[in-house]
Amino acid sequence: MGISKCDHILMILGVCLNMSPEEQEISTREMIKGFNDKAIEGGTVITGGQTVFNEYPMIGGVANVVLSPNEFIIPKYGRAGDVLILTKPLGSRVAVNLHQWMRLKNEKWQKAKQFISEEETQRAFDICCAEMSSLNKFGAELMRKYKCHGGTDVTGFGILGHAKNLAEAQVESLDLRLHSLPIIQRMAYMQDKVTNFKLMQGYTAETSGGLLMMISPEYVDPLLREFKEKQQFEAWIIGDVIKGERKAYIDEKCKIIEVEQITQTVK
């Protein structure tokens, strides 16, 4: 919706029950520090929250902001001819799972290592961490600057799930056609080698995923150029908006873009 500011955050912290008191103290302190660093980068503050005990260490929050109608984009005014842009690569769930299996040296890793090396797994995980720790703040600013007709984040429903939700919300009868998928290097190949993540079907959940935007063709090049100059990594053209029946789909001849590097920057 192009919202780039946040008034305050309520933090939710889960302290891991399976850690020693010393491990709990260290991990909790570092998680809070990292969370606060990102809040500062996003131009906001943490004003409270809740702490619970949990099986795994966990941190998150609820962001709050009050805006006037002209300060955000209602995501339902797409137009035929719009270009679909995505600001982060896909495949984070595959990368995180592979890395966890590798650390545990479990049965799933014994299967996975037949197809991918530890070096490749670590490289994919590093890309994943860089994109997950990159804020969508600047992307949201560009949505407003370049008169985006609507958009969505790409998280729990996967790229196609969110694209379908966006298509169904449109005032006009439009389809969203995805012709390209930028995916973290080797993750498309690994998506069904151990378990089927449904990455190529568009339903793999993404953690801290990017923004999917509907942009007029004349604004695409300047938006992509400005995004790269600021973020130091690419955004990608992944599809188009056409007349249709408020559906979204992945084209049969969809191109896979292998993403080999992302540099995290703090601006």
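These legends walk through several close-up views of one predicted model.

**View 1**
Two elements, strand S1 (8–16) and strand S3 (58–64), each give two or more residues to the patch. Val52 sits in strand S2, which covers residues 46–54. With a relative accessibility of 31%, Val52 counts as partly exposed.

**View 1. Tyr146 and Tyr219, a tilted pair.**
Here the ring centres of Tyr146 and Tyr219 are 6.0 Å apart, and because their planes make an angle of 50°, the pair counts as tilted. This is another link between distant parts of the chain, with 73 residues separating the partners. Look for Tyr146 in the loop between helix H5 (137–145) and strand S5 (151–153), and for Tyr219 in helix H8 (residues 217–231). Tyr146 is buried at 10% relative accessibility, whereas Tyr219 is partly exposed at 24%.

**View 2. Lysines over ring faces.**
Tyr189 turns up again in this view, with Lys193 lying over its face at 4.1 Å from the ring centre. Elsewhere, Lys230 takes up a place over the face of Phe138, and here the distance to the ring centre is 5.3 Å.

Searching the whole structure turns up 0 disulfides. Cys6 is buried, at 16% relative accessibility. Cys254 is in no disulfide either, and its nearest cysteine sulfur, the one in Cys128, is 20 Å away. Cys254 also counts as buried, with 19% relative accessibility.

**View 3. Glu71 and Lys5 reach across the sequence.**
Side chains of opposite charge can pair when their charged atoms come close. The model has 13 salt bridges, among them the one where the side chains of Glu71 and Lys5 meet at 3.2 Å, N to O. These residues are 66 residues apart, with Glu71 in the loop between S3 and strand S4 (83–86) and Lys5 in the segment before S1. Glu71 is partly exposed at 27%, as is Lys5 at 42%.

**View 4. Glu118 and Lys105 tie a helix to a loop.**
At 2.5 Å, N to O, the side chains of Glu118 and Lys105 form a salt bridge. Glu118 is in helix H4 and Lys105 is in the loop between helix H2 (92–104) and H3, so their pairing ties together parts 13 residues apart in sequence. Glu118 is partly exposed, with 39% relative accessibility, and Lys105 is partly exposed too, at 44%.

Lys228 and Glu234 join their side chains in a salt bridge of 2.9 Å, N to O. Lys228 has a relative accessible area of 40% and is partly exposed; Glu234, at 36%, is partly exposed as well. In a separate network, Arg177, Asp240 and Asp251 are joined by salt bridges that share partners.

Conventions: Residues numbered from 1 in each chain as written. Predicted model: local features only at pLDDT ≥ 70, side-chain atom pairs only at ≥ 80, totals over all residues. Heavy atoms only, no water. Helix = DSSP H or I, 4+ residues; strand = E, 2+ residues; numbered from the N terminus. Buried < 20%, exposed > 50% of the residue type's maximum accessible area, 1.4 Å probe, protein only. Phe/Tyr/Trp six-rings, centres within 6.5 Å; stacked < 30°, edge-to-face > 60°. Lys NZ or Arg CZ within 6 Å of the ring centre and 35° of its normal. Disulfide = S-S within 2.5 Å. Salt bridge = Lys/Arg side-chain N within 4 Å of Asp/Glu carboxyl O.
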